[in-house]
Amino acid sequence: MSTLPYQKRFRPLPPPSGYLLIPLSLFSSQRPTQIEMSEPEVLRDKTLMRSWSRSRRCNGQTIALVPTMGFLHEGHLSLIRTAKSLADLIIVSIYVNPGQFSPSEDLSTYPSDFSGDLRKLSAAGVNVVFCPAELYYSASVKEFGGHQEAINGEREGDSCLEDGGSGHETWIRVERLEKGMCGTSRPVFFRGVATVVAKLFNIVEPDVAVFGKKDYQQWRVICRMVRDLDFAVKVIGSDIIRDVDGLAMSSRNVHLSPTQREKALSINRSLSKAKLAAEKGQKNCQDLKDLIKQTISEAGGKIDYVEIVEQQGLSPVEEISCPVVICVAACFGNVRLIDNLEID
């Protein structure tokens with residue numbers, strides 16, 4: 001009888017050609033350990049944010065910025081997905097900008113859920129959340145390097161409009177594009193938007209910035225500011241994301257009652273009717289606007305404006321003979337909603 005060890009006497013035969021050996025461990029009933037997403041780094045200091053960006057760019061990495069005011073929804077997450085396709089690193093800013101609210105608007109009631117936002121941003125693979133306490137210099141705020149601290153607690157509801165003193169007084173105006181539509185009913189809105197976006201660009205120094213096209217006029221204002229002031233930032237407009245019922249996603253939707261939300265669906269319904277009419281040959285813009293107004297009004301909405309403008313310069317048109325966008329703003333209860341639809 002052979003005296004060879006058992007292992008040498010009974011060597012396993014090699015598998016036949018074309019077969020694959022699968023380790024038995026793969027059939028274990030024990031579930032594999034889940035890989036947890038790491039939370040993004042949260043930066044609140046302007047100087048630290050700028051240093052972080054510069055150090056990464058020195059390493060050859062590109063940066064995309066997605067500016068938000070928080071209370072994130074799927075529309076914001078779609079912007080992040082677009083940004084991830086365009087750059088190596090993603091920064092999301094969360095800052096409710098007081099400069100774009102007049103004293104009578106809803107700054108104090110703007111919804112927030114910072115812990116929920118962080119969970120969503122972790123799952124989305126965001127690298128940094130820039131969440132400054134304040135971006136505007138105020139006489140009531142003491143500044144330490146790049147970080148500002150409120151002297152008498154946090155500032156709430158400040159519209160950045162101070163009588164005299166040494167507070168913030170420098171604003172950016174995109175003079176023609178800010179007029180009309182939202183600029184009519186919200187006269188300080190676009191100067192606040194342009195100014196805070198310019199500040200974010202100067203602090204973060206991104207290569208790319210992604211904005212939602214739901215705020216169509218805002219997107220065009222920012223594009224024009226970037227062009228005119230030579231910012232080295234590529235501005236991308238991302239398409240509107242809608243809920244399953246067709247309502248354009250907005251942080252303000254949370255304020256709608258179920259009845260108001262049902263009525264608000266008339267906005268998208270009216271836009272779809274107008275586009276269908278245009279595709280069937282209706283080119284008169286006044287007739288199309290009347291159709292939209294009728295649909296929204298019959299649903300109980302209070303119309304702020306309905307405009308049909310050319311896509312680049314936002315100039316009103318009377319007949320559709322070029323690419324246009326139909327822009328609508330309407331109120332349901334105290335909730336003001338905006339929406340739009342491009343016709344190419």
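Colleague: Is Asn 268 buried or exposed?

Modeller: This is a predicted model, in which local features need pLDDT of at least 70 and side-chain atom pairs count only at pLDDT 80 or more, while totals for chains, interfaces and linings use all residues. Residues are numbered from 1 along each chain as its sequence is written, and side-chain values use heavy atoms, with hydrogens and water left out. Buried means under 20% relative accessible area, exposed over 50%, and partly exposed in between, for a 1.4 Å probe and protein chains only. Asn 268 has a relative accessible area of 18%, so this residue is buried.

Colleague: Where is Asn 268 found, and with which residues is Asn 268 in contact, leaving aside its neighbours within four places in sequence?

Modeller: Helices (H or I, at least four residues) and strands (E, at least two) are DSSP runs, numbered from the N terminus. Asn 268 is found in helix α8, residues 258–279. Contact means heavy atoms within 4.5 Å. Apart from neighbours within four places in sequence, Asn 268 is in contact with Arg 242, Gly 246 and Asp 339.

Colleague: With which side chain does the side chain of Asn 268 make a polar contact?

Modeller: A polar contact is a pair of N or O atoms within 3.5 Å; within protein, one must be able to donate a hydrogen and the other to accept it, and residues adjacent in sequence count only if both atoms are side-chain atoms. For Asn 268 the partner is the side chain of Arg 242, at 3.5 Å. A further case is His 168, in the loop between β6 and α5, whose side chain reaches the backbone oxygen of Thr 170 at 2.6 Å. His 168 is buried because its relative accessible area is 17%.

Colleague: How many helices and strands are there in the protein, and what percentage of its residues count as buried?

Modeller: The protein has nine helices and 11 strands, and 47% of its 344 residues count as buried. Among contacts between residues at least 6 apart in sequence, 70% join residues at least 24 apart.

Colleague: Which residues of the largest nonpolar core touch the most other members?

Modeller: A nonpolar core is a set of buried Ala, Val, Leu, Ile, Met, Phe, Trp, Tyr and Cys residues joined through side-chain atoms within 4.5 Å. The largest such core has 45 residues, and Met 49, Ile 91, Phe 201 and Met 225 touch the most other members. Helix α6 contributes the largest share of this core, 11 residues. A second, separate core of 25 residues includes Ala 264, Ile 296, Val 317 and Val 328.

Colleague: What does Phe 201 touch, not counting residues up to four places away in sequence?

Modeller: Its partners include Leu 65, Pro 206, Phe 211, Met 225 and Phe 231.

Colleague: How many aromatic pairs are there?

Modeller: Rings of Phe, Tyr and Trp (its six-membered ring) pair if their centres lie within 6.5 Å; planes under 30 degrees apart count as stacked, over 60 as edge-to-face and the rest as tilted. The count comes to five aromatic pairs. One of them, Tyr 136 with Trp 171, is tilted, at 5.8 Å centre to centre and 35 degrees between the planes. Tyr 136 lies in the loop between β4 (128–130) and β5 (141–144) and Trp 171 in the loop between β6 (147–150) and α5 (182–185), so this pair ties together parts that are 35 residues apart in sequence. Another pair, Phe 201 with Phe 231, is edge-to-face, at 5.6 Å centre to centre and 70 degrees between the planes. Both Phe 201 and Phe 231 are buried.

Colleague: Which charged end sits over the ring of Trp 171?

Modeller: A charge sits over a ring if NZ of Lys or CZ of Arg is within 6 Å of the ring centre and within 35 degrees of the ring normal. The charged end of Arg 191 sits over the ring of Trp 171, 4.0 Å from its centre. Likewise, the charged end of Arg 186 sits over the ring of Phe 101, 5.9 Å from its centre.

Colleague: How many disulfides are there?

Modeller: A disulfide is a pair of cysteine sulfur atoms within 2.5 Å. By this rule the count is zero. For Cys 182, the nearest cysteine sulfur, that of Cys 327, is 8.1 Å away. Cys 182 counts as buried because its relative accessibility is 7%.
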